[in-house]
Amino acid sequence: MNLLVLMIALPLLTAFLLSSINRISTLAARWIGPLVLLATAVIGLSVWPQLGAAPLALQWGGFQAPLGITLYADQFALLFALAMTIGTLLLWPRSAENQLRSSSLALLLAGTGSGLALSGDLFNIYVFYELMTVVSYGLIAGRGTSGSFASTLRYLVISGFGAALALAGIALVYQATGTLNLAQLAQLAPEKLNNLQGFAAFVLMLIGFGVKAELFPVNMWVPEVYATASSRVSALLAGVVSKLALLIIMRLLILVFHQPEALTVLLVLGILGVASGELAAWRARDLNRMLAFSSIGQLGVMFIALSIPGNAGIFAALAVMVHHLFLKPSMFLLAERWGGSIEKLAGAARTSPIAAALFVLLALSLIGVPPLPGFWAKLLVIMPMLALDQPLYYLAVFVMLAAASLEANYLFRVVMKLYDKQPAATSHKVHATADLATALFLGGGLIAAVFMLVPLADRLDSIAAQATDVSTYIQTVAPQQLQSGRVQ
Amino acid sequence: MRRFTAALFLLGLGVMIAAIYQHMDFSNTAVNAGQAINAVAAEETGAANFVTSVVLAYRGIDTLLELTILFTAAMIGGMVLGRRRVDAPRDPDAGFILRTGADLLFPLLLVVGLYIILHGHLTPGGGFQGGVILASAFFLPLLARPGSSINQDVISIVEGLAGATFIIIGLLAMFDGKEFLTPLLDKGELGALISAGTLPILYLAVGIKVGSELAGLLAHLAEAEALD
């Protein structure tokens with residue numbers, strides 16, 4: 001027994017009971033959600049140190065793997081479970097009209113995201129992923145504008161398509177191996193999945209789970225959704241949820257799929273994502289859309305990093321993910337009051353100097369100007385690719401550097417507008433205190449990382465090393481061998 | 001551009017399916033998990049219906065998540081649907097036969113639904129199937145009399161409490177020092193109505209939850225404005 005399952009169970013329980021609680025006391029209904037998330041975050045943090053020594057495997061319902069469902073917690077998984085919980089807490093949705101429903105959805109998102117990160121069973125991952133998708137429909141449509149309904153519909157169609165592909169991929173894996181437990185799959189994969197069927201399963205699951213990870217070409221929903229959803233929801237989806245989808249792909253890559261072709265697919269799609277995302281961001285004339293496209297580009301960098309064989313790739317991807325985890329939500333919060341055409345931003349720095357200064361720092365880190373963390377993250381991706389000495393990896397480096405100059409161009413265009421001497425005709429809105437404080441907290445944390453780069457890098461390296469340790473994964477879960485036999 | 005991408009994707013998918021079809025060994029599918037469950041399920045869970053033992057015990061967390069998906073979908077449905085103008089026209093009441101039929105069917109559907117839910121651990125059926133029948137029992141009167149309505153507040157409280165029951169039973173196992181969602185209570189005699197520990201209680205919660213959610217969702221759909 002371990003309290004870790006409460007990170008999943010308690011938010012779900014609270015979400016179910018919220019409308020009953022609201023009957024008794026509206027005040028309690030308003031505060032119980034954040035309090036529960038605080039409690040689950042504390043539970044997660046208290047487990048964190050013990051996972052450094054050895055990862056932990058739990059069996060839901062106490063049934064032995066592979067018949068029962070495994071929950072596998074290492075620091076890699078817990079990092080993102082905590083990111084989901086704390087991220088939801090910081091970006092708690094505030095809507096006047098639908099507060100009760102938004103609170104329920106936020107709780108469900110936190111519980112589901114934690115479960116997704118910690119799950120060790122392929123079908124269980126699929127169900128968590130589906131639930132997270134349905135919750136995000138609600139969060140996006142929760143704004144109640146016709147634009148948000150239209151973008152939700154587009155997101156729904158693409159997600160449904162992706163889910164069908166992912167399910168087909170899972171079916172292929174199950175057909176070949178007869179198990180869904182990731183530890184057992186890791187045992188069987190070299191023998192049974194190192195073939196065309198395994199590769200097909202990987203591509204199907206990559207595209208399916210890639211929908212949320214903003215993978216090229218299934219990212220058509222991104223600009224519309226981030227432009228129409230509320231900025232807190234955009235920050236959650238772009239900042240945290242996309243990383244969870246990436247985490248599944250990383251787990252599959254580490255444990256199950258070892259084909260070199262899989263890495264090539266990741267590399268090509270990553271390059272296309274960076275190129276298309278950054279070019280579209282460069283052409284965008286609206287801050288929210290620009291950030292959405294640039295997030296596609298950033299996720300592309302993560303896919304490129306994943307395509308580097310061995311620990312170096314996972315380490316680099318983890319560094320870029322953590323950087324983006326702090327940076328993107330902060331930028332979306334700043335964009336809350338700066339929506340619409342960029343032209344209207346002229347002189348906005350005068351009315352909100354702190355926000356403008358923070359935006360400049362974040363933009364510099366996003367481009368990758370030393371000594372900000374973004375530079376080191378990109379360096380971790382580029383260095384091992386140069387060492388590999390292969391044409392496609394050189395192309396990836398070239399695209400990343402070209403993308404950085406594009407990023408510099410469009411972000412400085414915004415910064416120049418912010419500090420324009422001639423203010424726009426319309427007056428600028430000042431940021432809500434809560435938004436600005438959260439943005440400062442996240443952005444400040446990112447900038448503060450400059451002063452402890454070496455210990456942070458060591459920590460991330462040890463997390464990556466633990467995540468890539470397949471034999472420990474198998475031993476910790478220790479699935480029992482099933483008698484093989486034919487259908488009678 | 002979009003058509004080109006779509007064509008490229010379909011081509012890729014087609015090649016992939018063809019290749020898989022060539023290579024897949026259809027005669028030798030690994031179904032080891034099924035046999036393993038057949039061997040141990042009766043002893044470990046006490047449910048005569050092994051499908052139920054998979055749904056509620058071995059993969060109980062998946063079922064909880066499916067319930068949550070339904071809960072979320074119903075909630076979003078309530079958020080998006082069911083807005084009508086005050087003066088919007090309603091469908092007229094159905095004829096005498098449908099109204100009387102609905103009244104007569106109501107108790108029958110209730111009994112059948114509950115029977116299927118309560119025997120879920122013994123015979124095919126269970127909370128999901130029985131829940132749908134319960135929902136139809138409450139929805140049929142709405143079809144017969146479009147002017148009447150279901151109290152959505154009551155529904156949201158009932159579904160919340162049913163879902164909470166599922167989780168609380170899971171949490172009780174943790175107080176006992178076991179893992180979350182471990183079946184509790186005495187397993188009883190295989191095949192008896194009162195057997196399989198907490199599984200029937202879980203299925204009852206599932207049934208009530210599915211029933212109230214579907215009824216609520218259908219009522220929201222019925223609330224939508226009638227076409228002229």
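This is a predicted model: local features need pLDDT of at least 70, side-chain atom pairs count only at pLDDT 80 or more; totals for chains, interfaces and linings use all residues.
We begin in chain A with two helices, α3, which covers residues 75-90, and α13, which covers residues 311-335; their axes come within 12 Å and cross at roughly 10°. Since angles under 35 degrees count as roughly parallel, α3(A) and α13(A) are therefore roughly parallel to each other. The crossing of α3(A) and α13(A) is also left-handed. Looking at the side of α3(A) that takes part, one finds A:F76, A:L79, A:F80 and A:A83, and these residues meet A:L318, A:M321, A:V322 and A:L325 of α13(A). Sorted by class, this contact of α3(A) with α13(A) is made of 8 nonpolar residues, with no polar and no charged ones.

Counted over all chains, the structure holds 10 salt bridges. One of them joins A:R251 to A:D74, with the closest N and O atoms 2.9 Å apart. This pair links distant parts of the chain, because A:R251 sits in helix α10 (residues 231-255) of chain A, while A:D74 belongs to the loop between β2 (70-73) and α3 of chain A, and the two are 177 residues apart. Are the two partners buried or exposed? A:R251 has a relative accessible area of 4% and is buried, and A:D74, with a relative accessible area of 0%, is buried as well.

Another salt bridge in chain A is formed by A:R289 and A:E224, whose closest N and O atoms are 3.2 Å apart. Because A:R289 lies in helix α12 (residues 287-306) of chain A and A:E224 in helix α9 (residues 222-228) of chain A, the pair ties together parts that are 65 residues apart in sequence. Here A:R289 is partly exposed, with a relative accessible area of 28%, and A:E224 is likewise partly exposed, at 30%.

In chain B, the side chains of B:K209 and B:E213 meet in a salt bridge, at 2.9 Å from N to O. Both residues lie in helix α8 (residues 199-223) of chain B, where they are 4 residues apart, or about one turn of the helix. B:K209 is buried, and B:E213 is buried too.

Finally, which residues are linked in a network of salt bridges? They are A:D121 of chain A together with B:R59 and B:D62 of chain B.

Note on methods:
Residues are numbered from 1 along each chain as its sequence is written. Chains are lettered from A and ligands numbered from 1 in the order in which they are written. Side-chain values use heavy atoms; hydrogens and water are left out. Axes are lines fitted to C-alpha atoms, for helices over the stretch in contact, and angles run from 0 to 180 degrees between N-to-C directions. Angles under 35 degrees count as roughly parallel, over 145 as roughly antiparallel, 65 to 115 as roughly perpendicular and the rest as oblique. A crossing is left-handed if the near helix is turned anticlockwise from the far one by less than a right angle, and right-handed if clockwise. Contact means heavy atoms within 4.5 Å. Ala, Val, Leu, Ile, Met, Phe, Trp, Tyr, Cys and Pro count as nonpolar, Asp, Glu, Lys and Arg as charged, and the others, Gly among them, as polar. A salt bridge is a side-chain nitrogen of Lys or Arg within 4 Å of a carboxyl oxygen of Asp or Glu. Buried means under 20% relative accessible area, exposed over 50%, partly exposed in between (1.4 Å probe, protein chains only).
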